[in-house]
Amino acid sequence: PVIFLLLGFVSFFLLLFLYFKFVGPIPLSINSTVTTKTDLFTTTGEGKVTATPDIAKVNLGITVNRASVKEAQNEANSTINKITTNIKKLGIDGKDLKTTSYNLSPSYDWSGGKQRITGYQITINLEVKVRDFDKINQVINTATTEGANLVGNLQFSVDEQKLKELQKKAREEA
């Protein structure tokens with residue numbers, strides 16, 4: 001029985017060899033197709049809108065130098081409170097006043113080759129949104145009259161709600 005099995009294997013491979021030798025290779029074909037489906041497309045456009053500014057932003061501040069932290073804080077806070085109170089009296093809403101920075105640092109004397117603290121400096125900055133342009137000069141004058149010694153960065157812009165409407169209109173035009 002083992003000889004018949006061995007004889008069967010040998011004859012199978014012999015027939016296979018003769019087939020490939022005289023007939024040729026077995027035709028075989030493989031087709032591969034890869035497709036990618038996307039639900040994405042890209043467009044470009046440009047839309048332009050213009051607007052007249054309806055908000056002015058101005059930065060106002062105070063810098064105070066005093067011998068102690070407490071003295072510097074008391075004077076700076078008192079001055080800022082006067083400024084904000086009087087600006088509100090001009091009709092500026094409290095939500096349009098924002099403290100943008102509060103910095104406290106020591107002042108040094110370097111004479112004699114040694115570092116010595118001589119006092120403290122406090123700087124407080126406010127951003128004021130002015131919606132009535134006729135009041136810009138009044139706001140600056142009131143602030144400086146009450147002790148503001150930092151004024152700058154006057155910017156003109158549009159209200160956030162109006163800006164959203166303008167962006168929507170520009171997108172529609174695009």
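Close-up 1. The model is predicted: local features need pLDDT of at least 70 and side-chain atom pairs pLDDT 80 or more, while totals for chains, interfaces and linings use all residues. Residues are numbered from 1 along each chain as its sequence is written, and side-chain values use heavy atoms, without hydrogens and water. The ring centres of Phe 133 and Phe 156 lie 5.3 Å apart with planes at 75 degrees, so the pair is edge-to-face (Phe, Tyr and Trp rings, the latter by its six-membered ring, pair with centres within 6.5 Å; planes under 30 degrees apart are stacked, over 60 edge-to-face, the rest tilted).

**Close-up 2. The aromatic pair of Tyr 108 and Trp 110****.** This pair is tilted, with 6.1 Å between centres and 45 degrees between planes. Tyr 108 is partly exposed at 37% relative accessibility, whereas Trp 110 is exposed at 57%.

**Close-up 3. The salt bridge between Arg 131 and Asp 159****.** The two side chains meet at 3.1 Å, N to O (a salt bridge is a side-chain nitrogen of Lys or Arg within 4 Å of a carboxyl oxygen of Asp or Glu). Arg 131 is partly exposed at 37%, as is Asp 159 at 23%. Salt bridges with shared partners join Asp 96, Arg 131 and Asp 159 into one network.

**Close-up 4. The salt bridge between Glu 75 and Arg 66****.** The N to O distance is 2.5 Å. Glu 75 is partly exposed at 31%, and Arg 66 at 33%.

How values were computed
Buried means under 20% relative accessible area, exposed over 50%, partly exposed in between (1.4 Å probe, protein chains only).
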